Amino acid sequence: MENVPVLIVGAGPAGLATATCLTHLSIPYVIVERQDCNASLWRNRAYDRLKPHLAKEFCELPHMSYPAYAPTYIPKAMFVKYLDDYTTRFNIQPKYLTYVESSTYDNGKKCWSIVARDMAEGTTINFIAKFLVVASGENSAENIPVIPGLDSFPGEAIHSSRYKSGKSFFGKSVLVIGSGNSGMEIAYDLATHGANTLIVIRSPIHVMTKEVIRLGMTLAHHLPLNLVDSFLVMAAKFIFGYLSRHGITMPKMGPMLLKTKTGRSAVIDVGTVGLIKKASSKLKEALVRS
């Protein structure tokens, strides 16, 4: 039985940041991570061209800035190195290959009873903690919908967490299901690597440029979100035009409020919208000629 003031679950950016803040307040903690490294989602399950979608001033961790030479938008490899340097600098020592099996809060004792498993040793660890911080990330679990016929589909079907690059899909026909940031960027990567790419866009989405989002994040410190949203929507319409004619509709709620209230992020366009417009234009020309 281990008694700790705080147990942190997950050694990704949020877990590492929490550990550092606790250290600065002289509060002991234990951090557990089910994988064998920190930032496993970024290190092992992110496609090659991925970058944090926010400018560096909005995605650096507490008490440590990026190097002065770092670009505004940090490449994946640099971000992973930054997290490694952060872990070393603040002497964060996660218990790797350890996952939480169950947690129960005792209202009488005002504490958490947590059962974890050490996968390397094959043993159970029992923790008693006053506070439990779950920092496993909003994208930590795959979500593959039940699609009739998928089990007998003769082609390759993969989740975005297993996608690395479009190089191996040259000349192949690929359907991307989902139009969030991952889906839209993967579709772009596939198309630029010579794949015949289609994307399913089911739900309304906000499409922004990274510069517009950066400005919106800055304005949000000084103005109400509804005013910021009005500006962002106006800017997006000026930049992209009315995308409904290309099958992309916009949510009724503005992008900043939508993120705050539902967790859904705006799509940061990397060039996908231009390809969609080009494909839509070619289709219209073909229909006119026919």
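Where is His 63 found? His 63 lies in the loop between α2 and α3.

## Basis of the model

This is a predicted model, in which local features need pLDDT of at least 70, side-chain atom pairs count only at pLDDT 80 or more, and totals for chains, interfaces and linings use all residues. Residues are numbered from 1 along each chain as its sequence is written, and side-chain values use heavy atoms, with hydrogens and water left out.

Helices (H or I, at least four residues) and strands (E, at least two) are DSSP runs, numbered from the N terminus.

## The sheet

Five strands make up an open sheet with mixed pairing, in the order β2-β1-β5-β4-β3. Because β2 and β3 stand at the edges, each with a single partner strand, one side of each has no neighbour in the sheet. From one strand to the next the twist averages 45°. Strands count as paired if DSSP finds at least two bridges between them.

β1 and β2 pair in the parallel sense over four bridges, and Val 9 stands opposite Val 32 in β2. β3 and strand β4 (residues 111-118) pair in the antiparallel sense over eight bridges; here Val 100 has Ala 116 in β4 as its bridge partner.

In a regular strand the side chains alternate between the two faces of the sheet. In β2, Tyr 29 and Ile 31 point one way and Val 30 and Val 32 the other, and all are buried. Buried means under 20% relative accessible area, exposed over 50%, and partly exposed in between (1.4 Å probe, protein chains only).

## Nonpolar cores

A nonpolar core is a set of buried Ala, Val, Leu, Ile, Met, Phe, Trp, Tyr and Cys residues joined through side-chain atoms within 4.5 Å. The largest has 36 residues, of which Ile 8, Tyr 29, Tyr 82, Tyr 86, Ile 92 and Leu 190 touch the most other members. Elements giving two or more residues to this core are β1 (2-9), α1 (13-24), β2 (29-32), α3 (76-89), β6 (173-177) and α4 (181-192). The most come from α3, with five residues. Apart from this core lies another, of 19 residues, among them Met 208, Leu 232, Ala 236 and Met 256.

Leaving aside neighbours within four places in sequence, Tyr 82 is in contact with Glu 60, Leu 61, Met 64, Ser 65 and Tyr 66. Contact means heavy atoms within 4.5 Å.

## Helices α6 and α7

The axes of helix α6 (residues 225-240) and helix α7 (residues 255-262) come within 7 Å and cross at roughly 125°. That angle makes α6 oblique to α7. Axes are lines fitted to C-alpha atoms, for helices over the stretch in contact, and angles run from 0 to 180 degrees between N-to-C directions. Angles under 35 degrees count as roughly parallel, over 145 as roughly antiparallel, 65 to 115 as roughly perpendicular and the rest as oblique.

On the α6 side, Leu 225, Asn 226, Val 228, Asp 229, Leu 232 and Val 233 meet Pro 255, Met 256, Leu 257 and Thr 260 of α7.

## Individual residues

Most residues other than glycine have a negative phi. His 63 has a positive phi near 70° and is partly exposed, with a relative accessible area of 43%. Asn 91, in the loop between α3 and β3 (98-106), has a positive phi of about 50° and is exposed at 52% relative accessible area.

Ser 40 belongs to helix α2 (residues 40-44). This serine, Ser 40, is buried, with a relative accessible area of 12%. Beyond its neighbours within four places in sequence, Ser 40 is in contact with Glu 33, Gln 35 and Arg 45.
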